[in-house]
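Please look at the sequence and structure first.

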Amino acid sequence: MSQLDPGATAPTDPDPAREPLGAGSSAHPGIGGGAGSVAAVSVKGLVKRYGEVEAVRGIDLEVHAGETFGFLGPNGAGKSTTINMLCTLVRPSSGSALVAGHDVVSERDEVRRNIGLVFQDTTLDGYLTAEQNLRLHAELYGVSRDVVRERMRQVMEMVGLWERRSSLVNTFSGGMKRRLEIARGLLHSPRVLFLDEPTVGLDPQTRSSIWSYISELKSDEDITIFMTTHYMDEAEYCDRIAIIDRGKIVALDTPAALKASVGTDRIQIQTGDDDAAIAALRERFEIEAVLAEGAVTFGVPEGERFLPRLFAELGEPIRSVHVSRPSLDDVFMSYTGTTIRDAEASAGNSDMRRNMARMMNR
Amino acid sequence: MATETATVGTEAGVAQGGDGGRRASGPVARVHVPARSLRSELRAIRVVWRRELIRFSRDRLRILTSLVQPFLFLFVLGTGLSSLASAGTHGVNFKTFIYPGVLCMAVMFTAMFSAASIVWDREFGFLREMMVAPVRRSSIVLGKCLGGATVAAFQGLIVIAIAPVVGIHYQLGLMLELFALALLLAFAITAFGVMFAARINQMQSFMALMQMVIMPMFFISGALFSVASLPAWLGVLNRIDPLTYAVDPMRRAIFSHLSINPAARRALDPGVTWWGWHVPTLLEAAVIAVLGLGMLSIAIWEFSRAE
């Protein structure tokens with residue numbers, strides 16, 4: 001790949017219309033809301049009702065410029081409805097939301113100009129080539145003609161599809177389509193990129209490559225990423241996450257802080273006599289342990305400091321030991337009282353609710 | 001994990017050509033989306049229009065299939081009924097007589113299919129891409145209608161090209177007049193289809209509606225018979241049918257370029273009357289245009305209202 005044509009990067013010149021949103025704030029995502037910085041997304045008391053059903057029941061949050069913000073929750077918890085309100089696709093029943101400093105109801109066009117969208121379902125035209133899809137997007141967003149080509153090349157190279165630009169989108173795999181959508185969402189240099197379940201239904205390799213684009217984006221472009229996911233392991237990559245359950249935010253912090261808030265590490269031991277070990281734990285340490293996945297499992301604060309005492313005082317032979325830090329699964333569990341998988345299994349009806357909501361939005 | 005896996009599987013490995021090459025594109029080409037202006041709206045209209053053309057040219061099969069039914073009418077029905085009809089046609093070829101109706105039919109089918117693609121786009125999600133763009137919905141709808149009109153008029157051009165087969169010789173004036181009327185009709189029918197497509201979520205429903213609307217419009221319009229002495233009920237329906245105002249001026253244009261005796265002309269090409277008053281060609285064209293614009297406005301209103 002040769003050097004860039006120097007002329008092509010000329011439009012980098014400062015643009016008065018773009019206030020310097022969060023310059024360099026990605027270095028301190030947690031404290032980006034400092035003096036002079038405008039929040040990328042600011043939500044107050046957001047509610048969405050569909051008839052009797054309250055899909056989103058009063059949400060408040062603030063996303064700092066340059067941050068990668070994750071919206072975590074089971075299907076049907078109100079993630080998509082919230083993101084649709086922030087993207088001006090759904091009108092809030094009450095409350096307000098500012099995206100890139102503009103109101104999502106009264107300044108709809110301003111918001112739209114400043115955001116990029118990647119939805120769960122593909123919104124590409126399969127009968128056009130990859131390049132035609134992007135060109136169409138550039139025209140709809142009024143991207144200046146002299147930079148379109150260079151910018152198109154840049155975003156397509158980023159997702160590794162430049163060589164396939166002349167292929168019909170219908171011939172693409174699911175992962176390629178999603179990558180193309182991400183490229184298209186970035187084409188007009190949005191300040192906030194909304195990703196609604198960007199990795200759902202993709203194979204692990206594509207999933208991790210999408211995450212590598214996202215981290216690349218954070219370093220190369222001055223952009224805020226707002227994403228929804230119901231994969232716990234992916235939420236780890238976010239600077240901060242909000243856990244949403246049944247239309248409400250139940251927790252909001254950095255993944256590390258959330259995990260710390262659970263307070264205990266998980267210890268799993270294998271012993272000669274599990275029942276005796278459980279009894280001994282109760283008697284000598286006042287710890288309630290359970291047998292889970294073939295091991296005696298319990299939680300204690302500062303697990304590794306507890307181990308020497310455990311070996312010395314348990315009085316039962318220990319064959320193996322496993323200490324783990326709390327995962328976001330544990331966090332979700334401690335805030336909602338259920339695992340995300342169980343929440344999804346019982347949320348079959350809210351899935352229906354969401355589909356109905358989607359139909360009504362058409 | 002995210003940063004370690006920079007290469008992306010089979011499709012991407014080639015494209016990236018190693019990390020070093022990719023880093024060369026370090027400086028970001030900043031793009032800026034300008035505030036809404038007439039120019040940006042025109043660009044939106046143009047790109048939506050172009051998309052229709054690209055999609056139509058990709059779909060060769062559709063070009064053929066939408067000609068099947070009109071040609072069936074022209075060549076099979078036209079030939080089959082010609083001996084039966086010969087008593088009333090005063091020696092004029094029956095195929096020549098039904099030709100304008102067949103031309104309209106070809107245009108209508110293509111225009112409705114173009115409008116149907118909105119339903120398709122909605123089902124496959126692409127409509128969302130257009131609906132969230134920072135442009136007026138009216139620009140999207142207008143681009144769509146102009147695209148459908150262009151494509152349908154092109155289909156009309158194919159039918160116009162076979163005119164000599166049914167005894168109509170090429171004459172520039174006539175061909176231009178036919179084409180202009182076909183274009184006008186194409187626009188009106190696309191607007192009509194888009195107006196319904198705004199409310200219909202399923203392709204099947206739209207197809208059913210299309211069948212329900214197109215065939216009656218075609219039959220009532222006088223495409224296959226003379227509107228001279230119809231029973232009162234059919235006469236009223238005929239004057240209400242918008243297609244009447246496309247078939248009639250086309251037929252008048254064709255017949256005025258053929259050497260036909262006045263009696264035949266009177267019987268086959270009596271012209272449309274409103275309470276005994278002959279409606280002139282320009283007014284007929286205006287009827288189509290006004291209907292088309294009216295339906296376009298409704299379509300724009302419907303799409304602007306949708307969230």
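## Residue V148(A)

In this predicted model, V148(A) lies in helix α4 of chain A, which spans residues 145-158. V148(A) has 19 other C-beta atoms within 10 Å, so the residue is partly exposed; 20 or more would count as buried.

Setting aside neighbours within four places in sequence, V148(A) is in contact with R135(A), A138(A) and V143(A). By contrast, V148(A) and G263(A) are 51 Å apart, C-alpha to C-alpha, and 115 residues apart in sequence.

## Confidence in chain A

Chain A has a mean pLDDT of 80, and 82% of its residues reach 70 or more.

Over residues 1-36 of chain A, pLDDT stays under 50. The model has 60 contacts beyond four places in sequence for this stretch. Where pLDDT is low, predicted coordinates should not be read in detail.

## Two packed helices in chain B

Helix α5 (residues 94-123) and helix α11 (residues 244-256) of chain B pack with their axes 8 Å apart, at an angle of about 135 degrees. Because of this angle, α5(B) is oblique to α11(B).

From α5(B), the contact is made by Y99(B), P100(B), G101(B), L103(B) and C104(B). From α11(B), A246(B), V247(B), M250(B), R251(B) and I254(B) take part. The residues of this contact comprise eight nonpolar, one polar and one charged. The crossing of α5(B) past α11(B) is right-handed.

How values were computed:
Residues are numbered from 1 along each chain as its sequence is written. Chains are lettered from A and ligands numbered from 1 in the order in which they are written. This is a predicted model: local features need pLDDT of at least 70, side-chain atom pairs count only at pLDDT 80 or more; totals for chains, interfaces and linings use all residues. Helices (H or I, at least four residues) and strands (E, at least two) are DSSP runs, numbered from the N terminus. A residue is buried if 20 or more other C-beta atoms lie within 10 Å of its own, exposed if 12 or fewer, and partly exposed in between; C-beta atoms are placed from the backbone. Two residues are in contact if their C-beta atoms, placed from the backbone, lie within 7 Å. pLDDT is the predictor's confidence in each residue, from 0 to 100. Axes are lines fitted to C-alpha atoms, for helices over the stretch in contact, and angles run from 0 to 180 degrees between N-to-C directions. Angles under 35 degrees count as roughly parallel, over 145 as roughly antiparallel, 65 to 115 as roughly perpendicular and the rest as oblique. A crossing is left-handed if the near helix is turned anticlockwise from the far one by less than a right angle, and right-handed if clockwise. Ala, Val, Leu, Ile, Met, Phe, Trp, Tyr, Cys and Pro count as nonpolar, Asp, Glu, Lys and Arg as charged, and the others, Gly among them, as polar.
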